[in-house]
Amino acid sequence: MASGEDARALEWAELKDLFETAPCGYISASRDGVIQRVNQTFCEWLGIQGHHLVGKRLPDLLPIAGKIYYETHFAPLLRMQGEFREVALDFLKADGSRLPALVNAQERRDAEGVPQFVRLTIFDATDRRRYEQELLSARASAEQANEALRRLNAEQERIIADEVAQRMAVEETLRQSQKMEAVGQLTGGIAHDFNNMLAVIIAGLNLIQRRISPGNDDIGKLIEASMDGATKAAALTQRLLAFSRQQPLDPEPVNSNGMVAEMSELLRSTLGETIHMETVLASGLWKTVADRNQLENAIVNLSVNARDAMAGGGRLTIETGNAGIDDAYAVEHGIAPGQYVMIAVTDTGTGMTPEVIAKAFDPFYTTKGVGKGTGLGLSQVFGFVKQSSGHVKIYSEIGHGTTVRIYLPRYYGTGEASARKLSGDTPAGAAHEVILVVEDDYNVRELTGQMLRDLGYGVLSADGGQSGLRMLHEHPEVKLLLTDVVMPDMNGRQLVEEALQLRTDLKVIYTTGYTRNAIVHNGVLDPDVQLLQKPATLKALSQKVRQVLDK
Amino acid sequence: MMSRAAMHNVQISGAGPPTIVFAHGFGCDQNMWRFVAPAFEDRFRVVTFDHIGAGGSDLTAYDPKRYSTLDGYADDVVALCRELSMTGGIFVGHSVSAMIGILAARKAPELFGKLVLVGPSPCYINTDDYVGGFTEAQISELLEFLDSNHMGWSTAMAPIIMGNPDRPELAKELTNSFCRTDPDIAKRFARATFLSDNRADLDGFSVPSLILQCSDDVIAPQVVGQYVHHRLENSRIVNLSATGHCPNLSAPAETIAAINSFV
Ligand SMILES: Nc1ncnc2c1ncn2[C@@H]1O[C@H](COP(=O)(O)OP(=O)(O)OP(=O)(O)O)[C@@H](O)[C@H]1O
Ligand SMILES: [Mg+2]
C-alpha cells in the first residue's frame with residue numbers, strides 16, 4: 001500500500017511541478033474573477049508572492065485601460081461564450097513595470113454543465129508584442145511612404161496642371177494678339193485710304209476758307225462746320241491708326257511724372273467736380289521713351305473711361321512707379337522681360353466683368369450706347385503701348401473699380417525731353433523759299449501745293465521719285481523737299497537718299513498717313529527724320545515747314 | 001429610408017402592452033441582456049436594440065460628430081421609442097445607457113414612466129467635491145491609450161487581427177460572435193462615455209428610478225451610485241451582491257429580482 005501511496009504522492013508532486021513550473025502562467029478564478037489559485041511561473045513573472053495574489057480580482061492586476069477592458073469586454077464575453085481566446089493584456093508587475101501577455105480564458109463546468117471556475121492561461125508576449133510593434137511600425141512607415149508617394153504624385157500632377165494652364169494662357173494670349181493683329185491690319189488699310197480722302201477734303205476746305213470774301217458769313221459757317229466734321233473724322237482715323245499700330249510715332253525720352261503733373265490741370269477740368277483726382281508719383285522714377293502726344297492721349301483716354309465709370313462721383317488716382325517684369329510674367333504675356341516704367345490709372349467706378357475686360361481693347365467695342373462711345377479709347381491705348389514695346393493690363397472688380405496699368409520700357413540714356421514745339425499760329429513763307437512737293441496722288445499733290453502757295457512759298461511738284469529727281473536737277477533753288485513716303489516706283493526714302501547725294505543741304509519733310517514703310521523702323525522714326533502726318537491741316541503744314549526751313 | 005428599428009437591429013418579444021426597453025452600455029451590444037430580458041416577456045413587450053456603431057446596428061449611420069456626446073445617443077433613443085409608439089414605458093439602461101436614458105426622458109417626458117439604472121455614473125472623473133472613481137490623469141491615460149496605442153486596445157478588441165494581419169477573415173471567425181465592435185467606433189464611444197459630465201441633468205429629474213449598484217465595480221463605484229441616488233429626488237437604490245460592472249451577465253437572477261420588485 002505504501003508503495004501505492006508513494007506512487008500517488010510522486011505523481012502528485014510531478015503534476016504539481018508541471019503546474020507550478022510550466023512555461024506559462026496558470027490562474028484559477030471564480031466566475032466573477034476572484035483569483036483562487038496561481039502558479040509559480042506567473043508569480044515570478046509579476047514578482048508577487050502567490051498568497052498576495054489569491055483573493056484579488058483579476059482587474060486588480062491590470063492597468064487602467066485593462067481594467068476597463070476587462071469589465072466592458074472580457075468578463076461579458078467570457079460569460080456569454082464560455083471562453084475568450086488570445087486577448088492582449090498588460091499585467092502590472094510588483095516593480096510597477098508591465099508584462100505584455102496573451103491571455104486565454106475558459107469556463108470549466110461540472111458534469112451537469114454548471115460553470116465551476118475560470119481557467120486562465122497566460123503567455124509571456126514580450127517578444128510577440130515587440131514583433132507586432134515592429135510589424136505595426138513597418139506598416140505605419142509603409143503607409144507613410146505610400147502617403148509620401150501619393151503626395152509626390154499629387155504634387156507632380158499639380159505641377160503638370162500648372163504647366164498646362166500656363167501654356168494655355170500663353171496660347172490664349174497669342175491667339176488674342178493674333179486677333180488684334182488681324183483686326184489691326186484691316187482697320188489700318190481702311191484708315192489709310194480714308195485718310196487720303198480726308199486730306200483732300202481738309203486741304204480743300206482750308207483753301208476755300210482763305211478765299212471766300214470775309215463778308216460771306218453763311219458759307220463761312222458751312223465751311224467751318226464741314227471743317228469741324230472733317231477734323232473729327234481725322235482724329236478718329238488717327239485713333240484707328242493708333243490701334244493698328246501704323247501711326248508714326250515720334251518717341252523721345254519722357255519723364256512721366258512731369259508729364260502727369262502737367263496734365264493734371266487739364267484732367268481735373270475734364271473730370272468735373274464730383275470726381276476727386278490725385279496723383280501718386282514715385283520718386284526716382286526712371287525715364288521712358290515714348291511719343292509724348294500718344295502717351296498723353298492714352299492717359300486722357302483712360303481718365304475719360306474712369307470718369308464715365310464713376311457717374312455718381314468717386315476717386316481717380318494716377319500712379320507712377322518703376323517695375324521689373326520677370327521672365328515668367330513676360331512669357332505669359334508675350335513681352336520682353338526687363339525694367340519698365342509703370343503708369344496706372346485707377347478709379348472707384350462700376351468695374352468691368354471678365355467678359356467686358358476680354359473685349360475692351362477691341363476696336364469699336366463699347367458698352368456706352370450709340371453716340372456716346374466709339375469704342376476706340378482703349379484701342380488707342382493698346383495699339384500705342386504695343387507699338388512702343390510696352391504692355392497694358394486691366395485689373396477690375398465689379399462694384400469696386402478698375403485699374404489699368406501701362407508699362408513702357410525704361411530709357412537708359414541721358415537725353416532730355418525736347419521742348420513743346422507747336423504754337424497756335426500759321427507762319428507764312430516767302431516766294432524764294434521754293435518747295436518741291438512729290439506725291440503720287442494727284443488731288444493730294446494739287447492741294448498741298450495750293451496750301452503752300454497760299455502760305456506764300458514758291459512751289460514745284462512732281463508725281464513720283466524719278467520726276468522729282470529731275471526737277472531737283474533743273475531747279476537748284478529748291479530748298480525743301482516734301483515727299484510722300486509710299487509711292488509706286490521709287491519710295492520716299494530712296495528719293496531722299498539720291499536727292500541728298502545731289503544736294504547735301506537740302507531739307508526734307510516726309511508726309512505719310514501710316515508707317516508701314518521705309519522711313520520708320522518698327523513704327524519708330526529714325527532720328528532727324530521730319531514727318532508730317534496726313535491729313536495735315538494748314539496750320540500743321542505751315543508750322544512744320546517753317547520749323548524745318550528755319551533749322 | 002431605413003426604419004429606426006432596422007437601424008438599431010431592434011428585437012421585440014413578449015406580450016405587452018406595457019413596453020420595457022433594454023439599452024446596453026459601452027463595450028458590448030444587446031447580447032448584454034440575453035439572460036435578463038426574457039424574464040419579462042410574460043408581462044411586457046420587450047425591446048432590445050444596439051446603439052449605432054455597436055453590434056448589428058447600421059454602421060453607415062455612424063456620424064462621429066453626432067455621437068461625440070451622449071446627447072446623440074439620447075436623441076436616438078427618443079426617435080426609436082417614438083417610432084415604437086412608447087408612452088409611460090420602462091427604460092432599463094446599463095452603464096453609460098443609464099445616463100442616456102435620463103437624457104432621453106428629459107427630452108421626451110412622455111416616453112418613460114420608470115427608469116432602471118444599472119451601474120450609472122453621471123461623471124467618471126473626480127473633481128474637488130465629487131468622486132467619480134477616476135483621476136483626470138487615469139482617464140487621459142485611457143484615452144491616450146486608445147488613440148495612440150493602436151496595438152493594445154484594438155488587439156484586445158480583436159486580438160487575432162493583429163496576430164494574423166494577412167488573414168483578416170480569421171479574425172472574423174475567431175473573435176467573439178457576440179459583441180462585434182469596430183475598434184475605431186469603440187474608441188470614440190469610450191471618449192464620449194468617459195469624458196461625459198451629466199451631473200446637472202440629475203437635478204429636478206423626478207421620474208421614479210431604481211439604481212442597481214454592484215459591489216466592487218471599478219467603473220461605477222458605490223460612492224457614485226450613492227451620489228446618483230441622493231441627487232435623483234425620486235430614486236431607490238439596491239446594492240447587489242454581484243461584483244464587477246455587469247450584473248446582467250454575472251448575476252442575472254439577482255438583477256431580474258431587483259427589477260421585478262420595482263416594475
Ligand atoms: N475704367 C473703366 N471702368 C469700367 N468700364 C470701363 C473702363 N474703361 C473701359 N471700360 C469698358 O470698356 C469699354 C471700351 O472702352 P473704350 O475706351 O475702348 O471705349 P469707350 O470708352 O466705350 O468709347 P470711347 O473711348 O471710344 O469714347 C467701355 O465701353 C466700357 O464698357
Ligand atoms: Mg473710352
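I began with the pair α13(A) and α14(A), whose crossing is right-handed. I kept in mind throughout that this is a predicted model.

**Entry on α13 and α14**

I looked up the geometry of this pair and found that helix α13 (residues 465–474) of chain A packs with helix α14 (residues 492–502) of chain A at an angle of about 15°, their axes being 10 Å apart. Because angles under 35 degrees count as roughly parallel, α13(A) is roughly parallel to α14(A). I then listed the residues that make the contact, which are A:G465, A:L469, A:L472 and A:H473 on the side of α13(A), and A:L495, A:E498, A:A499 and A:L502 on the side of α14(A). Sorting the residues of this contact of α13(A) with α14(A) by class, I noted five nonpolar, two polar and one charged.

**Entry on α12 and α15**

I turned next to helix α12 (residues 442–455) of chain A and helix α15 (residues 538–550) of chain A, which pack at an angle of about 65°, with their axes 10 Å apart. This angle makes α12(A) roughly perpendicular to α15(A), and I recorded that α12(A) passes α15(A) in a right-handed crossing. From α12(A) the contact takes A:T448, A:M451, A:L452 and A:L455, while α15(A) supplies A:L538, A:L541, A:S542 and A:V545. By class, the residues in the contact of α12(A) with α15(A) are six nonpolar, two polar and no charged.

**Entry on ligand 1**

I asked myself which residues come nearest to ligand 1. Of the 21 residues around ligand 1, I found that A:D347, A:T366, A:T367, A:K368 and A:T374 come nearest.

**Entry on two serines in loops**

Where does A:S389 lie in chain A? I placed A:S389 in the loop between α11 (377–387) and β11 (391–397) of chain A, and wrote down that its phi is near 60°, a positive value in a residue other than glycine. In chain B I found B:S85 in the loop between α2 (70–83) and β4 (89–94), and I noted that B:S85 has a positive phi of about 55° although it is not a glycine.

Conventions:
Residues numbered from 1 in each chain as written. Chains lettered and ligands numbered in written order. Predicted model: local features only at pLDDT ≥ 70, side-chain atom pairs only at ≥ 80, totals over all residues. Heavy atoms only, no water. Axes fitted to C-alpha atoms, helices over the stretch in contact; angles between N-to-C directions. Helix = DSSP H or I, 4+ residues; strand = E, 2+ residues; numbered from the N terminus. Parallel < 35°, antiparallel > 145°, perpendicular 65-115°, else oblique. Left-handed = near helix turned anticlockwise from the far one by under 90°. Contact = heavy atoms within 4.5 Å. Nonpolar A, V, L, I, M, F, W, Y, C, P; charged D, E, K, R; others polar. Near = heavy atom within 4 Å.
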